[in-house]
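Hi,

Here is the structure I promised to pass on.

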Amino acid sequence: DTPSRALRIPSSSTIKFTHPLWIVRSRPRDITYCLRVAHHAKILTVSDSVSAGRRADGAGPRLLDRLERAGFHVDERCVVADGASSVAAALVRMGQGFAGLIVTTGGTGFAPRDLTPEGTLQVIEREAPGFDELMRATSPFGALSRSRSGTLGQSLIINTPGSPTAALECLDAVLALIPHALDLLAGAGEVHPPEIGGSTTTSS
């Protein structure tokens, strides 16, 4: 049987889905979803110190654990130094022929070397600002994150902060939406979950 997982979404967002992937539970803001098709994910840690071996990767393993517990197959974890060009090159390589989620962690702040959003913008074909809005809404410090999300072929790329706690909070804020987004990228049109917009019978 396919495992079901409970997710908490931000208190500022009350979302009630009746979608094949998710079954609504009685408690407000708890969503149990069921992955009927296994989705794939990759994790990119962006950090000068981790890349140079001066510090352990704190966020990457925790994102890996969270994604696997949610039913994703994590195909790859890698580390690159900060910088727009290093991030862009890694994302292009990771997205080549890949259909799934690519999560980055690190480099989304205001420090001079925090250029993950710039690198992401170099490669994505379409932005997905709603994901960034949900992630920033998880914390009063969310405004300090410059994260960008978007699509590259059949891949969905999301930027999360380098803090392990913040990275998990941001991932959890959008995790229930990701399977539906990936299905749409793969060309599998589904009925709109109610109350999230759209007046047509299929996602558009």
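To start: is arginine 113 buried, exposed or partly exposed? Arginine 113 has 41% relative accessibility, so it counts as partly exposed (buried is under 20% relative accessible area, exposed over 50%, partly exposed in between, with a 1.4 Å probe and protein chains only).

Before the rest, some housekeeping. This is a predicted model, in which local features need pLDDT of at least 70 and side-chain atom pairs count only at pLDDT 80 or more, while totals for chains, interfaces and linings use all residues. Residues are numbered from 1 along each chain as its sequence is written, and side-chain values use heavy atoms, with hydrogens and water left out.

**Salt bridges**

I count eight salt bridges, taking one to be a side-chain nitrogen of Lys or Arg within 4 Å of a carboxyl oxygen of Asp or Glu. Arginine 113 makes one of them with aspartate 48, at 2.9 Å from N to O. That pair links distant parts of the chain, 65 residues apart: aspartate 48 is in helix H1 (residues 48–51), and arginine 113 is in the loop between strand E6 (100–105) and helix H4 (116–123). Helices (H or I, at least four residues) and strands (E, at least two) are DSSP runs numbered from the N terminus. Aspartate 48 is partly exposed too, at 24% relative accessible area.

Next, arginine 146 and glutamate 118 form a salt bridge whose closest N and O atoms are 2.8 Å apart. Here 28 residues separate the partners, with arginine 146 in the loop between helix H5 (129–136) and E8, and glutamate 118 in helix H4. Both are partly exposed: arginine 146 at 23% and glutamate 118 at 31%.

Then there is glutamate 127 with arginine 148, at 2.7 Å from N to O. Glutamate 127 is in strand E7 and arginine 148 in the loop between H5 and E8, 21 residues apart. Their relative accessible areas are 44% for glutamate 127 and 27% for arginine 148.

**Around E8**

Strand E8 (residues 149–152) pairs with E7 (residues 126–127) in the antiparallel sense over two bridges; two strands count as paired if DSSP finds at least two bridges between them. Across that pairing, arginine 126 stands opposite threonine 151. E8 also runs antiparallel to E9 (residues 155–160), with four bridges between them, and leucine 152 is opposite serine 155. The two strands make a hairpin with two residues between them, and glycine 153 in the turn has a positive phi of about 60°.

In a regular strand the side chains alternate between the two faces of the sheet. In E8, Ser149 and Thr151 point one way, Gly150 and Leu152 the other, and all are buried.

**Nonpolar cores**

A nonpolar core here is a set of buried Ala, Val, Leu, Ile, Met, Phe, Trp, Tyr and Cys residues joined through side-chain atoms within 4.5 Å. The largest has 27 residues, and Leu67, Leu101, Leu156, Ile158 and Ile178 have the most contacts inside it. Elements giving two or more residues to this core include strand E4 (40–46), helix H2 (59–69) and helix H7 (178–185), but helix H6 gives the most, with six residues.
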